[in-house]
Amino acid sequence: PAATSVDSLCTDLARAPIAAAERELDTLYGSFAFAGSCGGRDTPELALDFRVEAPTTLTAKLDDPEFNAVMYVRSNCRDPNSEVACFVAPRVDRPPNELELASPALVVPLERGLYTLVVDGYERGEMGAGTLRLTFDP
């Protein structure tokens, strides 16, 4: 995949925000523009924008992933320092540990605003498909 600028990706994302849903995804053809504090450097990712109209809790879970993944949320797509949460998904290359079994999803309280959720590979060479499940409560 060709390198893509964060600015152009963030501009495109703002045009197509997401809502609570289940969606199939594949990072194979993603950009290499983002990284989170818990992983994602030099791996392809998919970024999704969503708007929060009232305080809520986002739960993001990656089911049946083919790769070791991280997910992170930014309050400003272009600013890596705006990360509000970073989550290492249960690994697929070994049995899950106790922490992964107890916390299999990214759960983060959010205030009103526009956010970006990024699904990324944990480390170099990690990419693949999975089913992303998003819920907002309330």
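Reader: Why is the disulfide of Cys 10 and Cys 77 left-handed?

Author: The torsion about the S-S bond of Cys 10 and Cys 77 is about -80 degrees, so this disulfide is left-handed. Keep in mind that this is a predicted model, where local features need pLDDT of at least 70, side-chain atom pairs count only at pLDDT 80 or more, and totals for chains, interfaces and linings use all residues. Residues are numbered from 1 along each chain as its sequence is written, and side-chain values use heavy atoms, with hydrogens and water left out.

Reader: What makes Cys 10 count as buried?

Author: Buried means under 20% relative accessible area, exposed over 50%, and partly exposed in between (1.4 Å probe, protein chains only). Cys 10 has 3% relative accessibility, so it counts as buried. Cys 77 is buried too, at 8%.

Reader: And why is Cys 86 called partly exposed?

Author: Cys 86 comes out at 25% relative accessibility, so partly exposed is the label for it.

Reader: What is Cys 86 joined to by a disulfide?

Author: To Cys 38, with an S to S distance of 2.0 Å. That link is left-handed, with -80 degrees about the S-S bond.

Reader: How many disulfides does that rule give, and what is the pairing?

Author: The count comes to two disulfides. With the bonded cysteines of the chain numbered in sequence order, the pairing is 1-3, 2-4.

Definitions and conventions. A disulfide is a pair of cysteine sulfur atoms within 2.5 Å.
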